[in-house]
Structures are given as C-alpha cells and as structure tokens.
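I would like to walk you through one protein model, beginning with the whole chain and then turning to particular side chains.

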Amino acid sequence: ESAEREPAWSPDGRFVSYFSDAGGEYRLVIEAQDGLAPPREIPLEKPTRYYSPAWSPDSTKLLYTDTNLQVWVLDVVTGKAKIVGRDPWMVPQRTLAPSWSPDSRWVAFASRLDTLYRAIVIANADTGQQRQITDGLADAMYPVWDASGKYLWFLASTDLGLRSQWLDMTSYEHLQTFGLYVAVLRKGEPSPTLPESDEDAGVGAKIEPTPLVGSSAPVTIDFEGLQQRVIAVPNVPERQYARLVAGTAGSVFYLEAPPVAERGGTPPTTGSTLRRYRLSDRTSVGFATNVGDYAVSADGKKLVYRTPSRPAPEGGGEATPPALYLVDADGAVPVAGAGRLNATLRMQLDPKAEFRQIYSEGWRYQRDYLYVANQHGADWPAMKKRYGALLPDVRHRADLTYLLDMMGGEIAI
C-alpha cells in the first residue's frame, strides 16, 4: 500500500536508501543492505516528491532534490537536512543533476539564469555558500567531479537560444548539441589536454590523475579565475549528449542520442550510444550501443546499463523486453552483448491496496505540481476525503481513473 522510489546504495556498501510514502507522505528510508535490521525512517521537512538521491563518497551525507527544484544535503547521523541550492525556473525538464566532490565537501549542480541558460554552480555542503563558475554565455549542465579531485567535467551548448522558450512550439524542431568541457580547479595545475610532445616527455605528457574517491584529502578550488580555466575537450565533436557520469580518475561517460528523423520520417527505434572519454587516450570511444540508461559504481570500476524495451512490430511478432548488462568500466571496450545479467523480478500485487496508493499519489500531485498553490480555491484536503469515501467501491482501474478525474475536476481552471 506504498510506493518506494529512487533507491541509492551507499558507497561503503552498507546501506540502501529510498523514499517511501507508507505513512501518507514521502519519507527517507535507510535500510541495511542485507535487510536484517529494521529500516530507519527519516521524516523530511515540508514533504513532497523527491528526486536524484546520491550518497556522499564518505557515506555520511545524502544529496537529493525535490518538487520545488531545491537541492538538499542531509546528515545521515542526525537526519537533519538543509538547502544548498535551487533552480529558480520551473520547466518540464529537471536538470539540476547535483553531484558530490570526491572529498564530500562540495556539491555541483546546474541552475537556470534569467536567460533560461543553465550555469554550473558549486556549493559548500556544510555552509551552503554558492559560487557560479560558468559565465552564462553557454547552456551548461551535468557537472561531475573527476575522481582525482583536480577537475570538474560538464556538458555545454552554444545553440540553446532557439530552444530556450520551452512553451513556444517553434522551439521544438531545433536540436540542441553539446560539447564536453573540463574546468581545472586549482591555479597552477596544468591543463589535462595540453598537446603531446614526441620529443620531450615532460611537455604535454598524458596525465594519469590519482584517484581521490573516498579519501579525506580535501579538494582545493581556486574560484578566482576559474572561468578562464575552463577547457573545451578536443576530439569530442558536438552532438546531442546527456547523462554525463564520472568514472575512474581521468575518465567520464555520457550518452549520445540516436539520429532524429526528418519531419514525417520514422522515429529512431534504438537507444543511445554510451561513450567514454579518457585523458589517457585523448579520445572519445563508443562503449556500448542501444543504451536506455546506465550507472557507474562508486569506485568507477563497474558499469551497469539497460537496453530499452521495444513494442511488438505492427506486422506481427513479439515485443522486446529490456535487458541488463554489467561490465568493467575502466578496461577495454566490452564486446557487444557481454555481461548480460539473467535477472528475473517478481512481485505480489494487491489491486485494492494499489488503488489506494495511486489515489493518494494523484491527490499529492495536484497539491505539489499545480502552478498555483491554492488549487484555484478548492479545499483540497476536503476533496481528498470526499472522493476517497468512494475508494472501497472501486473494482477496476478504469473506475479509479474516473474517480481521479472527478476529484481533479474540482480545480476549476
């Protein structure tokens, strides 16, 4: 009779966190990974819907965002959370994408400016002090910290202009492409992309950063002049990139979307191409194809990816279910199809309990996501009680949809 969402595994492997609405509102739940100890529930201030949880590398803090595009840092020991950042503009795409520095002291995220371009912001996880590190002349997003603690990687686009007004349908047909960028965090640190010399090994030598993940060694950031230490990574042509994730020191992964069909053509039927860039190689390579989503382990050494499902062909045949693959992230490019996991998941479902959860979730969605806070004058708690009295008589999913429609109709727009 509850929904459990957004699971996240602590880097030390001891705990799994998730958000559960078992008590009527979403709470954070932290549970031992073996499931033997009773789970710990942490009530959250002004409960709403929560997204993108991420444990700090030292497994002492948890980072997440909420419906209102705020970035929270929660102390796992005390259960106290504080806001360290936000996105002031509510648009359909939730692109804060916050990430932890290797020393667990800094948080980086993307926040929209008044131009609707996104800028990269770094916040101190303890004090909440924020610094914008990109100039706002390009649309920057997906900041991730290099495991060495020396660099901050991100994607940036210089052709957002025609797509910035998301509600204007004239923006829909304009594609946005991104390049890969890296910011050198400390003054005096050499550029990791200096040209290599075939005569002097000390000039432009390939840099193999030392991993800092899980270490207490502090990440040093010299904010003065940092915008002048942002480098466009060579040998990475601008494409439709997304979902940048850090791997081992000096490496990042990202998705490249499949080609978009011309107007009236057949839409792409495959997933994205997962690409890997390594400073040791100075090039981007295709790592896996037909990828729907992926994740990298805390130490950067393992990668799991999922292929998307496909519906049955119109002329007949069977639908293609999604598949999971687990491969080494820091070795050679895996052979296509290698590492497939033969996993089968089953669940027991009580339709009546599921209907009650869906009803409560639908009521909360109207409360939390409507563009005005007063539900246009509707007494929203009273509406939940009024229409909820009919829940025991709901016998079919279509009946539940009808009931939700009737309740939603109380908000006159």
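Predicted model: local features only at pLDDT ≥ 70, side-chain atom pairs only at ≥ 80, totals over all residues.

Residues are numbered from 1 along each chain as its sequence is written, and side-chain values use heavy atoms, with hydrogens and water left out.

The protein has 3 helices and 24 strands, where helices (H or I, at least four residues) and strands (E, at least two) are DSSP runs numbered from the N terminus. Of its 413 residues, 45% count as buried; buried here means under 20% relative accessible area, exposed means over 50%, and partly exposed is in between, with a 1.4 Å probe and protein chains only. The accessible surface comes to about 21900 Å², and 53% of that belongs to carbon and sulfur atoms, by the Shrake-Rupley method with a 1.4 Å probe, where for residues only the protein chains shown count as cover. If we take contacts (heavy atoms within 4.5 Å) with a separation of 6 or more, residues 24 or more positions apart account for 50% of them.

Let me turn to the rings. The structure holds 13 aromatic pairs, and a pair requires that rings of Phe, Tyr and Trp (its six-membered ring) have centres within 6.5 Å, with planes under 30 degrees apart called stacked, over 60 edge-to-face and the rest tilted. F15 and W55 are a stacked pair, at 6.5 Å centre to centre and with 10° between the planes. Because F15 lies in strand β2 (residues 15-20) and W55 in strand β5 (residues 50-55), this pair ties together parts that are 40 residues apart in sequence. F15 is partly exposed at 25% relative accessibility, whereas W55 is buried at 7%. Y241 and Y254 have their ring centres 4.8 Å apart and their planes at 70°, and so they count as edge-to-face. Here Y241 is in strand β17 (residues 241-246) and Y254 in strand β18 (residues 251-256), so the parts that are tied together are 13 residues apart in sequence. Both Y241 and Y254 are buried. There is also an aromatic cluster made up of F19, Y50, Y64 and W72.

Now to the charged side chains. The structure holds 20 salt bridges, each being a side-chain nitrogen of Lys or Arg within 4 Å of a carboxyl oxygen of Asp or Glu. In one of them, D21 and R364 meet at 2.8 Å, N to O. This bridge links distant parts of the chain, with D21 in the loop between β2 and β3 (27-32) and R364 in helix α1 (residues 351-369), 343 residues apart. What is the relative accessible area of R364? It is 3%, so R364 is buried, and D21 is buried as well, at 5%. Through shared partners, salt bridges join R5, D21, E361 and R364 into one network.

R243 takes part in two of the features on my list. Its side chain meets that of D293 in a salt bridge of 2.9 Å, N to O, and since D293 lies in strand β21 (residues 293-296) and R243 in strand β17, the pair ties together parts that are 50 residues apart in sequence. R243 also lies over the face of Y294, at 4.9 Å from the ring centre; for that, NZ of Lys or CZ of Arg must be within 6 Å of the ring centre and within 35 degrees of the ring normal. R243 is partly exposed, at 27% relative accessibility.

Finally, some single residues. A3 sits in the segment before β1 (4-9) and counts as buried at 11% relative accessibility. Leaving aside neighbours within four places in sequence, A3 is in contact with F19, S20, D21, Y26, Q357 and E361.

Most residues other than glycine have a negative phi. L69, however, has a positive phi of about 60°, and this residue lies in the loop between β6 and β7 (70-75), buried at 3% relative accessibility. S59 likewise has a positive phi, near 60°, and is found in the loop between β5 and β6 (61-66).
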